[in-house]
Amino acid sequence: MASDAVAEQERMRRFRDAALPHLDDVYTLARYLMRNAADAEDAVQECYLRAIRHFDSYRGPAMKPWLLAILRNVCNAEFARRSKEELPTDYSQEESLAEEMPMWQEPQASPEKVMLRQQDSATIRRLVAELPAPFREAIVLREINDLSYQEIAEVTGVPVGTVMSRLARARAMLRSAWNTAEASTAKPGSATASGITL
Amino acid sequence: MNCAEFEVLLHALIDGELDAGHARDVEAHAAICSACGEKLASFRAMRDAMSGAALKETTPAHLRNRIEAALPVPQARVIPMRGLLKPTRRSFFGGFAVGSALSAAAAASLMLAVVRNNQEQTITDEVVSAHIRSLQAGHLIDVATSDQHTVKPWFNGRVDVAPPVVDLTAESFTLLGGRLDYVNSEPVAAIVYQRRKHVINLFVAQHLGGRHPRIVADSVQGYNVRHWSQDGLDLWAVSDLVGDELDEFVQKVASALRRPPSAS
């Protein structure tokens, strides 16, 4: 009995050490896939519960893509359930995305520089959030979760070639949306402040 | 290569997913086709802007707490474990005196093993802490250069070893520079490499942990750690790279050290 307890304790400790460091990555993908905070939180919680149940069958190689694949399945199952119930997706909380941004700490930047960067980050987040699902997913896994093409292919269950073409489409769409956003917000004197020219 | 192929491959190029041969082909096309060249530049700029922006979310504290609480930690099992994890001197010896038939010699050697492992664990933790510290803004490198012949002399007089600085650009590990760090209250040389967005700290000192001619693999807080001894030095590599890739890095460094120094 006691050895079972120790083994279970050890299993739990291994799971915590392996899975908890990736919580922000999992939550980030959930936010971009579900597009609102409450749904993202539910998905993340479900993801970790499934992960602990299946931890015994986990054989590596990397924990992060494994968790992200589970998260993605959770989100897709939720979307499938909703489409059956024909509930309209509620995107109303999307606007609050910008306000809920975590404070971006960069001690060496001047206050005004920090403000500009926050502005930019909020805009980029919005543009990414507006991409159609397969392209949004590809760009988030690549640029924010920092997965390799092979890992993205495994997480999304498509060949590497498909990952490449989705990324190309995603970036092309993002670039044109970006240019539109820049053009509409550009004011004299502030246009060069972002330092981004595309 | 035509422009349609370029259109897709340019992304593999900026993502660092192309081998050297294909990367050359893509760069060559960008050089002769001005439209594609501009495209490459603009996607690179967008990518740089994205990696500089705060696009990653931070898990809300209440969610983090809820998940940590949801990981079942049976109460009855925690208490004896705590006792094991933080043995006081008294309980440790007391335990031997009461319940065990171990001879004094066996007890002593077990004690030694435990103490040594604890020391090793402490150093592993410190090395990982140093790695995490280095990732905070402005702490990563004291001398920033991709030239190994600038990094190596910089350590003269700062640490009591001449740390090996090897050029692994061909293996797609980019040398970022060097830093003076402190681990276990001793100055150590930290040589900083990067693959894709993953930073690798290679800590080098004369004595840092036990001697391990073979590579010891560990993982702390999600960071992979590799530790080995070579040429009278203790070397520690820490990164959030996946284990296989960090192993590849360690192998490259180890084999570069085995080669006689070049004439440079």
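The model is predicted, so local features are limited to pLDDT of at least 70 and side-chain atom pairs to pLDDT 80 or more, while totals for chains, interfaces and linings use all residues. Residues are numbered from 1 along each chain as its sequence is written, and chains are lettered from A in the order in which they are written.

Chain B contains 9 helices and 7 strands (DSSP runs of H or I with at least four residues, and of E with at least two, numbered from the N terminus). Of its 264 residues, 27% are buried (20 or more other C-beta atoms within 10 Å of the residue's own, with C-beta atoms placed from the backbone).

The 7 strands form an open sheet with antiparallel pairing in the order β1-β2-β3-β4-β7-β6-β5 of chain B (strands pair if DSSP finds at least two bridges between them). Its edge strands are β1 (143-144) and β5 (216-220) of chain B. β1(B) pairs with β2 (residues 174-183) of chain B over 2 bridges, and Ala144(B) lies opposite Gly177(B) of β2(B).

Helices α1 (residues 3-14) and α2 (residues 20-32) of chain B pack at about 125°, with axes 10 Å apart (axes are fitted to C-alpha atoms over the stretch in contact, and angles run from 0 to 180 degrees between N-to-C directions). The contact involves Phe6(B), Leu9(B), Leu10(B) and Leu13(B) of α1(B) and His22(B), Ala23(B), Val26(B) and His29(B) of α2(B) (C-beta atoms, placed from the backbone, within 7 Å).

How values were computed. Two residues are in contact if their C-beta atoms, placed from the backbone, lie within 7 Å. A residue is buried if 20 or more other C-beta atoms lie within 10 Å of its own, exposed if 12 or fewer, and partly exposed in between; C-beta atoms are placed from the backbone.
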